[in-house]
Amino acid sequence: MKPFDYHRADDAAAAVATAAGHPGAVFLAGGTNLVDRMKLGVTEPDLVVDISRLPLDTVTETDEGGLRIGANVRNADLAANTLVRTRYPLLARALLSGASGQLRNLATTGGNLLQRTRCVYFQNITTPCNKREPGTGCSAREGLNRNLAILGASEDCVATHPSDMAVAMSALDAVVVALGPHGERRIPLSEFHRLPGDEPQHDTVLGHGELITAVELPPVPYAVNSTYRKVRDRASFAFALVSVAAAVDLEDGPDGPVIREARLAFGGVAHKPWRAWAAEDLLRGETASEELFRRAADAELEAARPLSGNAFKVPMLRNTLTAVLRGLTGVPRGDGAGPGGPGGMDDDGEEIR
Ligand SMILES: Cc1cc2nc3c(=O)[nH]c(=O)nc-3n(C[C@H](O)[C@H](O)[C@H](O)COP(=O)(O)OP(=O)(O)OC[C@H]3O[C@@H](n4cnc5c(N)ncnc54)[C@H](O)[C@@H]3O)c2cc1C
Ligand code: SF4
């Protein structure tokens with residue numbers, strides 16, 4: 001590992017001033033992603049600014065009835081928070097589906113949002129990678145891309161964002177609060193992470209030296225009827241192949257439940273949490289049915305451009321979204337198909353087909 005200087009910050013403004021004044025500075029929170037990258041030589045800072053002891057570790061209610069989550073709140077603590085569990089169950093489930101108990105005890109809210117892709121070429125400094133070293137090429141496009149993007153990718157990069165938490169926060173219209181050298185700004189989570197375009201080296205819109213201080217969740221009363229479902233290769237300790245965060249607002253209709261509003265976001269399929277606006281539009285005001293759910297999935301997946309190794313993600317995501325919406329609306333399976341469909345089991349042991 002390349003030698004570096006270490007500085008422990010006493011307050012947020014000082015942390016920002018120190019990092020902003022050093023082009024090679026990075027913030028250290030739980031260290032579960034940054035330290036791995038430093039060991040691999042993927043990230044080689046000159047200065048590590050330790051923010052882990054800044055008092056940004058509380059969850060408080062906002063005047064509007066939402067929650068303000070400090071950037072240093074640990075993933076385990078956030079998942080266990082009673083207000084999160086009761087008001088935003090999709091967020092608690094997303095957090096608990098990520099990493100392992102030990103990692104969640106260290107991982108922070110800010111660090112989770114800013115963890116970097118798990119594309120194998122990004123993590124292997126002997127291979128070309130536009131994200132790690134702009135202009136060198138993308139090894140994944142014609143290489144190992146089974147885990148990578150089907151939506152919103154570019155010629156230059158087909159990586160996915162690995163966070164589960166961020167997918168749930170995207171569905172909730174969360175807002176990232178960031179402190180920079182020129183003051184504070186608020187960034188909607190759906191605009192916080194970027195699509196790769198021709199600058200895949202930038203994962204987010206955050207500038208150098210900007211510190212996440214909090215994430216705010218607006219009140220979403222119907223999020224009590226919400227969930228997060230993640231499909232992966234192993235039952236735990238694996239990143240999402242595909243995932244769905246969903247919250248649905250229902251009212252009674254003459255032919256069954258009518259969807260007043262739906263919030264949907266996908267993980268494991270794009271360079272950012274993928275907010276499924278087209279599917280949401282199609283569901284709004286309609287009577288819940290399996291046929292409607294499949295049409296909503298198709299509307300969103302029209303833009304899918306699978307790679308050589310990940311075409312399976314298209315039906316897997318369609319089936320996962322359909323199963324999630326059936327669960328949240330109480331609509332029974334429509335076709336009477338037997339068990340053992342192509343999608344296998346999800347992390348709850350429920351069949352995905
Ligand atoms: C084996 C393994 C399995 C995992 N599985 C999953 C999984 O299934 N799902 C999942 O979502 N995650 C998974 N993770 C990733 C894990 O969730 C992240 O490593 C963790 O959330 C990062 O948080 P941290 O506080 O440790 O961040 P750090 O490693 O300290 O920092 C990560 C990045 O964020 C920056 N940063 C941190 N805090 C701030 C801040 N407040 N403001 C500005 N910049 C900041 C750092 O400079 C760094 O670039 C896994 C990790 C490992 C090692
Ligand atoms: S997909 Fe992105 S991160 Fe992976 S090799 Fe290509 S440029 Fe690098």
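Modeller: The account below begins with the basis of the model, turns to the ligand, and ends with the cavities.

The model is predicted, so to speak of local features requires pLDDT of at least 70 and of side-chain atom pairs pLDDT 80 or more, while totals for chains, interfaces and linings use all residues. Residues are numbered from 1 along each chain as its sequence is written, chains are lettered from A and ligands numbered from 1 in the order in which they are written, and side-chain values use heavy atoms, with hydrogens and water left out.

Around ligand 1 stand 34 residues, a residue being counted as near if one of its heavy atoms lies within 4 Å. Phe-27, Gly-31, Thr-32, Thr-108 and Asp-164 come nearest. By class, this shell holds 16 nonpolar, twelve polar and six charged residues; here Ala, Val, Leu, Ile, Met, Phe, Trp, Tyr, Cys and Pro count as nonpolar, Asp, Glu, Lys and Arg as charged, and the others, Gly among them, as polar.

A polar backbone atom of Gly-30 lies 2.9 Å from an oxygen atom of ligand 1. For Gly-31, the distance from a polar backbone atom to an oxygen atom of ligand 1 is 2.7 Å, and for a polar backbone atom of Leu-34 it is 2.7 Å. Of the 980 Å² of accessible area that ligand 1 has on its own, the protein covers 92%, as given by the Shrake-Rupley method with a 1.4 Å probe. Two or more residues of the shell come from each of strand E2 (25–28), helix H2 (34–40), helix H7 (109–114) and strand E8 (211–217). These elements are DSSP runs numbered from the N terminus, with at least four residues (H or I) for a helix and at least two (E) for a strand. H7 gives the largest share, four residues.

A cavity is a set of points, on a 1 Å grid over the protein atoms alone, where a 1.4 Å probe fits but cannot get out, and its lining residues have an atom within 4 Å of a point. Two cavities of 30 Å³ or more are counted. The largest cavity has a volume of about 90 Å³, a volume being the space filled by probe spheres set on the points. Its lining comprises 15 residues, with Cys-119, Cys-129, Cys-138, Ala-140 and Cys-157 nearest its centre. Ten of the lining residues are nonpolar, three polar and two charged. The second largest cavity has a volume of about 50 Å³, and its lining includes Gln-115, Lys-131 and His-271.

Conventions
A polar contact is a pair of N or O atoms within 3.5 Å; within protein, one must be able to donate a hydrogen and the other to accept it, and residues adjacent in sequence count only if both atoms are side-chain atoms. On a 1 Å grid over the protein atoms alone, a cavity is a set of points where a 1.4 Å probe fits but cannot get out, and a pocket is an open set with protein on both sides within 12 Å along at least five of seven lines; lining residues have an atom within 4 Å of a point.
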